[in-house]
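Here are my notes from a look through this one, jotted down as numbered points. Have the structure open while you read.

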Amino acid sequence: MIKGIGLDIVEISRIMKANDLNPHFKERILTKNELAIFNQLKTRRQLEFLAGRFSAKEAYSKANGTGIGKECSLQDIEILPNDKGQPILYFKQEIVQGFVSITHSKEYAAAQVVLLA
Ligand SMILES: CC(C)(COP(=O)(O)OP(=O)(O)OC[C@H]1O[C@@H](n2cnc3c(N)ncnc32)[C@H](O)[C@@H]1OP(=O)(O)O)[C@@H](O)C(=O)NCCC(=O)NCCS
């Protein structure tokens, strides 16, 4: 049974500005495991990855019905690729019953989350 759905879109230029202004921005958005992936990417892919993860975390928080906040922080949500590259959702280190899909174009990153009961 579907428990929740969430959708989000972000402007990559907004993420780039935040990242340029605050050297710790990426550490606020990404977990340690996500940062390890981020650090292996080239600059443009880093921005896509960061914007895509941000969008996916907002989408998860909507599907969860909480929004981002105390009970569902950006650090509580982790999205890691499986061996084929498919993004897999974790919440507080536990695998989530649900799905996330992420996309990026030149200007935007967007994500959709479906949570199952
Ligand atoms: C819910 C949240 C993710 C909304 O994101 P947003 O970027 O402000 O706004 P969006 O345009 O993407 O989404 C707005 C929609 O989210 C939906 N929404 C709001 N609260 C929600 C909740 N608790 N559960 C599900 N959906 C929710 C609403 O439908 C809203 O649109 P509406 O007011 O027209 O009905 C919000 O909790 C959020 O962004 N919080 C954290 C931001 C943050 O931590 N930023 C850190 C930057 S470093």
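1. Let's start with a strand pair. Glu78 sits opposite Tyr90 of strand E3. Bear in mind that this is a predicted model. E2 and E3 run antiparallel to each other, with five bridges between them.

2. Now the other partner of Tyr90. Which residue of E4 is the bridge partner of Tyr90? That's Ile95. E3, which covers residues 87–91, pairs with E4 over two bridges, again in the antiparallel sense.

3. Put together, you get an open sheet of three strands in the order E2-E3-E4, with antiparallel pairing. E2 (77–81) and E4 (94–95) are the edge strands; each has a single partner, so one side of each has no neighbour in the sheet. Helix H4, residues 43–64, packs on this sheet and touches E2 and E3. The direction of H4 makes about 125° with that of E2.

4. The two faces of E3 are worth a look. Pro87, Leu89 and Phe91 make up the covered face, while Ile88 and Tyr90 are on the uncovered one.

5. On to the turns. The E2–E3 hairpin has five residues between its strands, and Gly85 there has a positive phi near 100°. In the E3–E4 hairpin there are two residues between the strands, and Lys92 in that turn takes a positive phi of about 50°.

6. Next, the annotated positions. UniProt, in an unreviewed entry, puts the feature "binding site" at Asp8 and Glu58. They span 51 residues in sequence, but no two of their C-alpha atoms are more than 6.3 Å apart, so they gather at one spot.

7. Is Asp8 buried or exposed? Its relative accessible area is 8%, so Asp8 is buried, the cut-off being under 20%. Asp8 belongs to strand E1, residues 2–11. Its side chain makes a polar contact with the side chain of Lys62, at 3.1 Å. Setting aside neighbours within four places in sequence, Asp8 is in contact with several residues, including Ser55, Glu58, Ala59 and Ala110.

8. With 24% relative accessibility, Glu58 counts as partly exposed. Neighbours within four places in sequence aside, Glu58 is in contact with Asp8 and Ile68.

Notes
Residues numbered from 1 in each chain as written. Predicted model: local features only at pLDDT ≥ 70, side-chain atom pairs only at ≥ 80, totals over all residues. Heavy atoms only, no water. Pairing = 2+ DSSP bridges. Helix = DSSP H or I, 4+ residues; strand = E, 2+ residues; numbered from the N terminus. Contact = heavy atoms within 4.5 Å. Axes fitted to C-alpha atoms, helices over the stretch in contact; angles between N-to-C directions. UniProt positions renumbered as here; feature names shortened; annotations may be inferred. Buried < 20%, exposed > 50% of the residue type's maximum accessible area, 1.4 Å probe, protein only. Polar contact = N/O pair within 3.5 Å; in protein donor to acceptor, adjacent residues only side chain to side chain.
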